[in-house]
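Take a look at the protein below. Then follow this short report on its helices, its surface and some of its aromatic rings.

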Amino acid sequence: MEKQDIRDQHHSRITSTTYAVSVILLLLVVCAESVVFSLYNKYLFSGPLKTPILYTAACQVQCFLGAVAVLICTPESFYKRAPIDSWASVLKILTIPIAFVLNYGMNNLSLEYTTLALNQLIRSFAPVVVAITSFLIEGEVQSGPKSISLAFLVLGVIMGVGTSPDFEFLGIIICVSSLVGQAIGIVMTAFVMGDKKVKLQPLDVLLYTTLPSLVVLIPWSYSIGEFDKLQTSIDASGVARILTLIAVGGLLAFTYTLFYVFFIKLTSSVYYSVTGGFRCTVAIIMSFYFFPQKITALSIAGIVVAMSAFIANSYFTLLEKLDTGLGNGSDKYEAMEVDEEAKQSLLSSQNDDK
């Protein structure tokens, strides 16, 4: 009996260690791919393929095909498609592509006109958008520590963006518009469904919402002359290279979502959201290494203040989740991360981030 207990304890320790190592490795992979995706998109839109909207549409198609492959090839224990069993569900699904186009389409477009560092800094403003939206929808007031962290986040973003030598009005306006699109998407979803619970899993989002977004993305791309720009890129680089660049982007988008799904299954989306500040910080630092960007002392101070406030806000959010029961999926933060965060990781940069 004692030997059996010893074996059980040994097996339990091995299982716990394996789980911890798997979670850490997966988190490192997801965070690394988030940063790489942001850098890759900026590289594309700064040179070889200045068609961010058309590129986004192409990645949407690839992600849809990948989701179909997962649905066909994996067991239900990994992914079970959420059924569409009501008009309310249909309406909810139709709002997600609208939010996506406003949010991540605009974000990708902003990368053509502004630096990656400023893009990531402005995108870190997302918790403030969430707080405002929460107040408008529910009248929810943030806790004291979170309110302070949000105030410092606003201060840091204003310092970092306003004093940057790379400040470009058009790019900043487009990037800020993407955050407005994020808020509109949250409000629309809540209005249509009557609550803030988003029942779709990330792969459901890929399966149901990618193709409808093409109805807006393709005409939008055509209207701003991206088809002509695509032809120019093909003439300069060749069809094979351009198709390869697009395929790599689609692969990054889809694999990132798969890794994200694995991580959520092992832990909770809250744990991933806590890493947002770190991912933004790494992306900003790496952007100065890969791209020609300028910075001042005040800009550096603003970035430090904003990223510190972002991380602090994520920490306070995690504490609130732990107090209310982590992973029960009962509040809007869990629901919103499944929807909004999954889509940023899909075709933005994020990525948070996404």
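How many of the eight residues of helix α4 (residues 116-123) are buried? This is a predicted model, and in it eight of the eight are buried. Helix α4 is therefore largely enclosed by the rest of the structure. Buried here means under 20% relative accessible area. Leucines in this buried set include Leu-116, Leu-118 and Leu-121. Asn-119, Gln-120 and Arg-123 are buried too. Ala-117 and Ile-122 also belong to the set.

Now step back to the whole protein. It has 14 helices and zero strands. Read along the sequence, the pattern is thus α-α-α-α-α-α-α-α-α-α-α-α-α-α. Of the 354 residues, 51% are buried. The protein exposes about 16000 Å². Carbon and sulfur atoms supply 72% of that area.

Next come the aromatic rings. The structure holds four aromatic pairs. Two of them are listed here.

| Pair | Centre to centre | Angle between planes | Geometry |
|---|---|---|---|
| Tyr-222 and Phe-227 | 5.6 Å | 70° | edge-to-face |
| Tyr-289 and Phe-290 | 5.0 Å | 90° | edge-to-face |

How accessible are these residues? Tyr-222 has a relative accessible area of 60%, so it counts as exposed. Phe-290 is partly exposed, with a relative accessible area of 47%. The cut-off for exposed is over 50%.

Note on methods: Residues are numbered from 1 along each chain as its sequence is written. This is a predicted model: local features need pLDDT of at least 70, side-chain atom pairs count only at pLDDT 80 or more; totals for chains, interfaces and linings use all residues. Side-chain values use heavy atoms; hydrogens and water are left out. Buried means under 20% relative accessible area, exposed over 50%, partly exposed in between (1.4 Å probe, protein chains only). Helices (H or I, at least four residues) and strands (E, at least two) are DSSP runs, numbered from the N terminus. Rings of Phe, Tyr and Trp (its six-membered ring) pair if their centres lie within 6.5 Å; planes under 30 degrees apart count as stacked, over 60 as edge-to-face and the rest as tilted. Accessible areas come from the Shrake-Rupley method with a 1.4 Å probe; for residues, only the protein chains shown count as cover.
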